[in-house]
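Please take a moment with the chain displayed here before reading on. The paragraphs after it are meant to be read with the model in view.

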Amino acid sequence: IKIPLLDLYGEQDLPAVLDSAKERRLAARDAENPAYRQTRIPGADHFFAGQDEVLLSTVRAWLFKTAGGKEVQAR
């Protein structure tokens with residue numbers, strides 16, 4: 001995948017998510033995707049319960065960095 005991708009997961013996520021984090025990161029590297037970002041949210045579970053603010057600020061910062069100033073017209 002060569003599109004911008006935010007791989008967001010919680011520090012206390014499901015075992016399958018945690019166990020595959022390294023594989024996902026390496027797959028993006030092997031695909032030479034410079035727009036891939038993997039971020040682990042400290043203390044968060046799979047549903048980011050109680051982490052609304054940090055989740056929102058993380059996604060907002062990534063969107064601003066990745067797509068800031070770009071606008072896509074609806075078809």
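The model is a predicted one, in which local features need pLDDT of at least 70 and side-chain atom pairs count only at pLDDT 80 or more, while totals for chains, interfaces and linings use all residues. Residues are numbered from 1 along each chain as its sequence is written, and side-chain values use heavy atoms, with hydrogens and water left out.

The secondary structure of the chain consists of two helices and two strands, where helices (H or I, at least four residues) and strands (E, at least two) are DSSP runs numbered from the N terminus. Read from the N terminus, these elements follow the order β-α-β-α. Along the principal axes, the C-alpha atoms fill a box of roughly 40 × 30 × 20 Å. The accessible surface of the chain is about 5800 Å², and 57% of that surface belongs to carbon and sulfur atoms; such areas come from the Shrake-Rupley method with a 1.4 Å probe, and for residues only the protein chains shown count as cover. Of the 75 residues in the chain, 23% are buried, a word that here means under 20% relative accessible area, whereas exposed means over 50% and partly exposed lies in between (1.4 Å probe, protein chains only). Among contacts (heavy atoms within 4.5 Å) in the chain with a separation of 6 or more, 71% are between residues 24 or more positions apart.

How far apart are the end C-alpha atoms of H1? They are 24 Å apart, which agrees with the 22 Å that the 16 residues of H1 should span at 1.5 Å a residue, the expected span being 1.5 Å times one less than the number of residues. At Ala 21, H1 bends by about 45°, the bend being the angle between axes fitted to the seven residues ending there and the seven starting there. Ala 21 is also buried, as are Val 17 and Ala 28 in H1, and the buried residues of this helix pack against E1 and E2. For helix H2 (residues 52-67), the 16 residues should span 22 Å at 1.5 Å a residue, and the end C-alpha atoms are 22 Å apart, which agrees. After H2 comes Gly 69, whose phi is positive, near 85°.

Side chains of opposite charge can pair when their charged atoms come close. The structure holds two salt bridges, each defined as a side-chain nitrogen of Lys or Arg within 4 Å of a carboxyl oxygen of Asp or Glu. In one of them Arg 24 pairs with Asp 7, and their closest N and O atoms are 2.7 Å apart. This pair links distant parts of the chain, since Arg 24 is in helix H1 and Asp 7 is in strand E1, 17 residues apart. Arg 24 counts as partly exposed because its relative accessibility is 24%, while Asp 7 counts as buried because its value is 11%. A salt bridge also joins the side chains of Asp 30 and Arg 29, at 3.2 Å from N to O. Asp 30 is exposed, with a relative accessible area of 56%, and Arg 29 counts as exposed at 56% relative accessibility.

Glu 32 is in the loop between helix H1 (15-30) and strand E2 (36-45), and it is exposed because its relative accessible area is 61%. Phe 48 lies in the loop between E2 and H2, and Phe 48 is buried because its relative accessible area is 11%.

Gln 12 belongs to strand E1 and counts as exposed at 52% relative accessibility. Leaving aside residues up to four places away in sequence, Gln 12 touches Gly 43, Ala 44, Asp 45 and His 46. From Thr 66, which is 54 residues away along the chain, Gln 12 is separated by 26 Å between C-alpha atoms.

Finally, Ile 1 lies in the segment before strand E1 (5-12) and counts as exposed because its relative accessibility is 68%. Together with Ile 3 and Leu 5, Ile 1 makes a nonpolar surface patch of about 300 Å². Patches are made of residues with over 30% relative accessible area and no salt bridge, with like charges joined within 9 Å and nonpolar side chains (Val, Leu, Ile, Met, Phe, Trp, Tyr) within 5 Å.
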